[in-house]
Amino acid sequence: MERLRLYLVDDEPIILEGLVHTYDWESLGFTVAGSTVNPKKALLEIRETRPDVVITDVRMKGMTGLELIRRLKDECEDILYLVISAYQDFTYAQQACELGAFTYLLKPLEDEKLLAAVASAGDVCRQQKKIRKLLQSYEGNSRQQEEEIWKEELYLKNIRNNAREYISGAVSYIQEHLWEESLNIKEVAEAVHLNALYFGRIFKQCMDASFKQYLLEERMKKARGLLRDSSYTITEIGEQVGIPNPSYFTQQFKRIMGVLPTEYRREQGQ
């Protein structure tokens with residue numbers, strides 16, 4: 001298996017040291033092509049070494065990780081960026097997606113999530129390389145196949161470049177249809193005009209949660225508000241958040257919140 005090149009940027013020396021030496025990047029098919037605590041140095045070295053994947057912090061002295069991506073985006077368009085940050089602010093995630101970042105992870109990093117994200121980025125890189133090789137190998141009598149591959153590559157590139165708009169539209173659609181029990185990933189993907197498989201991937205990358213997890217958490221968030229600020233019964237609240245089965249609603253609420261809906265309401269003084 002061809003080794004891919006990984007570059008690491010974080011202005012905290014201890015964290016950078018951990019990123020370089022803690023993980024077995026070789027087992028994922030990567031070689032560390034470089035690392036630095038200086039984002040300005042990273043800009044020069046990434047331009048020179050052209051790694052396949054870059055992991056960068058958001059908040060850094062001299063240049064943010066988002067600015068680093070912005071300055072590299074046009075000239076190094078094949079690089080995939082994994083953005084990490086200690087700041088749980090959706091604005092950063094939105095900006096990262098807008099810039100075409102592959103995913104956004106929060107500190108302290110969870111080893112499983114980080115390794116899964118890098119492995120997934122590696123798969124995408126290898127697929128892109130495979131597509132380019134196929135295009136180079138096709139002759140004139142394979143014009144139709146060549147066009148099909150180009151369409152696939154352009155489709156994937158369009159999704160990455162416009163991820164923020166897709167996710168923003170999806171979130172709005174979910175909020176508007178939260179009460180519908182039948183709401184599912186296929187319906188939301190169609191609403192934003194994406195293939196469900198690709199939509200699921202970019203949703204998880206941008207939101208750091210699967211569609212199913214996000215939907216349930218949003219339903220519980222709305223349920224908490226209704227329990228706190230209304231006199232609706234538990235059954236009525238379940239219906240308003242798309243879970244009309246009272247038993248299942250209670251079960252899921254306790255799993256997420258750690259208390260029964262009735263206990264939560266009592267704790268809120270209702």
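In this chain, 64% of the contacts with a separation of 6 or more are between residues 24 or more positions apart, a contact being heavy atoms within 4.5 Å. The model is a predicted one, in which local features need pLDDT of at least 70 and side-chain atom pairs count only at pLDDT 80 or more, while totals for chains, interfaces and linings use all residues. Residues are numbered from 1 along each chain as its sequence is written, and side-chain values use heavy atoms, with hydrogens and water left out.

**Overall make-up**

- The chain contains 13 helices and five strands; these are DSSP runs numbered from the N terminus, with helices being H or I of at least four residues and strands E of at least two.
- Of the 270 residues in the chain, 44% are buried. Buried means under 20% relative accessible area, exposed means over 50%, and partly exposed lies in between, with a 1.4 Å probe and protein chains only.
- Zero disulfides are found in a search of the whole structure, a disulfide being a pair of cysteine sulfur atoms within 2.5 Å.
- Cys76 is buried at 3% relative accessibility, and Cys125 is buried at 2%.

**Nonpolar cores**

- In soluble globular proteins, nonpolar side chains tend to be buried together.
- A nonpolar core is here a set of buried Ala, Val, Leu, Ile, Met, Phe, Trp, Tyr and Cys residues joined through side-chain atoms within 4.5 Å.
- The largest such core has 23 residues, and Ile46 and Leu68 have the most contacts inside it.
- At least two residues of this core come from each of β1 (4-9), α2, α3, β4 (80-85) and α4 (90-98).
- Helix α3 gives this core its largest share, four residues.
- Leu68 is in contact with Val9, Pro39, Ala42, Leu43, Ile46, Thr56 and Met63, when its neighbours within four places in sequence are left aside.
- Another core, of 22 residues, lies apart from the largest one, and its members include Cys97, Leu178, Ala189 and Phe211.

**Salt bridges**

- The structure has eleven salt bridges, each being a side-chain nitrogen of Lys or Arg within 4 Å of a carboxyl oxygen of Asp or Glu.
- Glu45 and Lys41 form one of them, with their closest N and O atoms 3.8 Å apart. The two residues are about one helical turn apart because they are separated by four residues in helix α2 (residues 39-49).
- Glu45 is partly exposed at 24% relative accessibility, and Lys41 is partly exposed at 39%.
- Asp52 and Lys129 form a salt bridge through their side chains, at 3.2 Å from N to O. Asp52 lies in the loop between α2 and β3 (53-57) and Lys129 in helix α5 (residues 111-137), so this pair ties together parts 77 residues apart in sequence.
- Asp52 and Lys129 are both buried.
- Glu67 and Arg70 form a salt bridge whose closest N and O atoms are 2.8 Å apart. Both residues belong to helix α3 (residues 65-72), where they are three residues, or about one turn, apart.
- Glu67 is partly exposed at 27% relative accessibility, and Arg70 is partly exposed at 41%.
- A network of salt bridges links Asp10, Glu12, Asp57 and Lys107.

- Helix α10 (residues 211-229) has 19 residues and reaches 27 Å from its first C-alpha to its last, close to the 27 Å expected at 1.5 Å a residue. The expected span is 1.5 Å times one less than the number of residues in the helix.
- Its buried residues include Phe211, Tyr214, Glu218, Arg219 and Leu226.
- Ser230 is found in the loop between α10 and α11 (234-240), and is buried with a relative accessible area of 14%.
- The side chain of Ser230 reaches the backbone oxygen of Leu226 at 2.5 Å and the backbone nitrogen of Tyr232 at 3.4 Å.

**Tyr248**

- Tyr248 has its place in helix α12 (residues 246-257), and is partly exposed with a relative accessible area of 41%.
- Tyr248 and Gly238 are ten residues apart in sequence, and their C-alpha atoms are 9.0 Å apart in space.

Notes. Polar contact = N/O pair within 3.5 Å; in protein donor to acceptor, adjacent residues only side chain to side chain.
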